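Good morning, and thank you for making time for this presentation. Please look at the sequence and the structure as they come up, and I shall then take you through them.

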Amino acid sequence: MSFFKNEEELGLNLNTRTTLVNHIVYGIAFAMILVSAYLIFIYSNIEKTMGAVQKIFYVHVGTAWNALLAFGVVFVCSILYLATKKRIYDVYATVAAEIGVVFIIIVMLTGPIWARSAWNVWWSWEPKLTSALILFFIYIAYTMIRFMDGSWDKKARLCAVFGIIGFIDVPIVYFASEWWGSKFHPTVVGQEGGGLEGNMVFALVFTVFAFSFFLTALIHKGVRIEKARIELQHMKDKIAEKIGR
Amino acid sequence: MSILRNALTIAGKDLRAERKSKQVLPTMLVFAVLVIVVFSFAFDPDKESTKALIPGLIWIVSIFSAILGLNRSFISELKNDNIQGMIIAPVNSISIFLGKFFANFVMILIVQAIAIPMLFLLFDYQFNGSLPWLLLTIFTGTFGFVGIGSFLSAIASNSGISEMLLPLLLFPIATPALIGIVSATKIILRHPDQIEKAYGWLQLVGGYDIIFFGICIVLFDYILEV
């Protein structure tokens with residue numbers, strides 16, 4: 001359509017119809033989440049010392065990885081936005097950050113529940129926890145910039161800049177806090193790591209992938225909603241122009 | 001070279017304006033001293049255990065008063081659209097960042113030069129560590145968070161609630177520098193015999209300074225775009 005021309009130049013295709021790809025992505029994500037629920041609650045063994053509480057670990061690790069992955073998407077899209085100035089990358093960064101906030105909140109909620117039963121404390125200043133907390137605050141700050149008033153391209157620029165800085169900061173925080181003092185988090189998979197049995201590792205890896213697909217499906221959906229919102233705004237502007245306001 | 005010369009011109013302009021108006025620096029100073037006073041109410045200065053808090057206190061006082069100065073740094077340019085003038089002026093945008101950074105850095109060093117001895121005085125702390133190490137630590141740490149702080153202040157100045165936004169942006173990003181610099185200061189003040197550990201922390205903060213200062217210089221162009 002002609003009055004979307006400006007957006008098309010910016011690399012934004014405003015077609016929001018459901019396609020076969022959408023259905024496939026949602027279908028796979030849905031099926032994988034169901035299977036991972038089976039793997040977590042029925043297939044994998046109950047851990048000896050911690051008991052059934054340990055099962056929260058699968059969700060915790062799954063969301064933690066994907067919270068970081070979502071911010072990775074924000075980082076890549078931010079660089080692409082600054083390099084190309086195409087609005088589609090800003091849309092992707094917006095959506096990925098929104099979903100990342102949800103994931104990191106799940107991490108921050110499941111973590112203390114598990115920590116309370118495993119380590120007998122709600123919180124510990126330990127590298128992974130410290131970095132997760134800082135990642136949470138960086139996400140919050142990113143969202144605050146996103147909700148600033150002003151034109152979309154100004155917000156897109158500032159968010160992209162902060163997204164890049166924030167993502168680079170996370171590994172440095174991890175490194176600094178690891179040096180600062182490491183106490184609890186076990187290395188569960190790998191050579192020196194111990195505590196996990198075969199079927200638990202399988203359930204864990206599957207859950208991480210299931211959440212990655214879930215993240216992909218959510219980003220897909222979010223981008224469509226965001227596009228619809230932009231299209232609606234265009235129509236409103238057009239009408240406002242027509243009736244001469 | 002002209003980048004640096006322009007930066008010094010901008011920094012000089014800020015410092016001269018501050019010398020005439022006398023608004024930001026005295027406020028920062030009074031605020032820093034007030035924070036120390038509040039702390040002496042919160043933690044009994046006569047107790048020996050309170051001495052362990054002094055390394056952290058130095059940085060709490062520095063950062064809290066720095067936030068005040070950093071906030072003004074770009075907001076003051078919004079009046080009469082000064083910032084537009086700076087963007088249009090035939091200077092590299094890096095000069096604007098460097099200029100703001102120099103001005104903030106100088107002001108915060110002045111505040112620290114007065115507030116830290118005051119802190120030692122009010123908490124009756126006998127400093128017998130190595131003074132050059134302490135100065136180097138303060139310089140490295142302040143460089144780190146003033147660099148990224150000046151940058152984030154430019155981002156925050158676009159918002160209607162920039163005074164509230166800046167701490168939210170700065171604290172998470174400055175975390176690694178804070179962890180490193182507080183640990184280094186703790187070693188220098190309390191365990192002068194383990195100075196090589198402080199050197200390790202200083203390397204971390206130095207690395208942070210270089211990485212983030214570099215990123216700020218690369219990305220500053222995008223913040224000022226019209």
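I begin with a definition: two residues are in contact if their C-beta atoms, placed from the backbone, lie within 7 Å. Leaving aside neighbours within four places in sequence, A:Ala93 is in contact with A:Val74, A:Cys77, A:Ser78, A:Tyr81, A:Cys159, A:Ala160 and A:Gly163.

A word on conventions. This is a predicted model, in which local features need pLDDT of at least 70 and side-chain atom pairs count only at pLDDT 80 or more, while totals for chains, interfaces and linings use all residues. Residues are numbered from 1 along each chain as its sequence is written, and chains are lettered from A and ligands numbered from 1 in the order in which they are written.

Let me turn to chain A as a whole. Chain A has seven helices and zero strands; helices (H or I, at least four residues) and strands (E, at least two) are DSSP runs, numbered from the N terminus. Of its 245 residues, 36% count as buried. A residue is buried if 20 or more other C-beta atoms lie within 10 Å of its own, exposed if 12 or fewer, and partly exposed in between. Among the contacts in chain A with a separation of 6 or more, 78% join residues 24 or more positions apart.

Next, the interface. Here 27 residues of chain A are in contact with 21 residues of chain B. On the chain A side, α5 (127-146) and α6 (152-180) each supply at least two residues, and the largest share, 16 residues, comes from α6(A). By class, that side has 20 nonpolar, three polar and four charged residues. Ala, Val, Leu, Ile, Met, Phe, Trp, Tyr, Cys and Pro count as nonpolar, Asp, Glu, Lys and Arg as charged, and the others, Gly among them, as polar.

How do the axes of α6(A) and α7(B) cross? They come within 9 Å and cross at roughly 30 degrees; axes are lines fitted to C-alpha atoms, for helices over the stretch in contact, and angles run from 0 to 180 degrees between N-to-C directions. The two helices are therefore roughly parallel to each other, a term for angles under 35 degrees. Residues meeting in this pair include A:Phe162 and A:Ile165 of α6(A), and B:Leu169 and B:Ile173 of α7(B). The contact divides into ten nonpolar, five polar and one charged.

Within chain B, the axes of α6 (residues 131-156) and α8 (residues 195-224) come within 9 Å and cross at roughly 25 degrees. That makes α6(B) roughly parallel to α8(B). By class, their contact has 17 nonpolar, six polar and one charged residues.

The largest nonpolar core holds 129 residues. Such a core is a set of buried Ala, Val, Leu, Ile, Met, Phe, Trp, Tyr and Cys residues joined through C-beta atoms within 7 Å. A:Val74, A:Ala93, A:Ala96, A:Phe162, B:Ile155 and B:Leu169 touch the most other members. Helix α7 (residues 162-190) of chain B gives the most to this core, with 15 residues.

Finally, two backbone details. Most residues other than glycine have a negative phi. Phi of A:Lys85, however, is near 60 degrees; A:Lys85 lies in the loop between α3 (56-84) and α4 (87-118) of chain A. With 17 C-beta neighbours inside 10 Å, A:Lys85 counts as partly exposed. In chain B, phi of B:Asn80 is near 55 degrees, and B:Asn80 is exposed, with 8 other C-beta atoms within 10 Å.

Conventions
Parallel < 35°, antiparallel > 145°, perpendicular 65-115°, else oblique.
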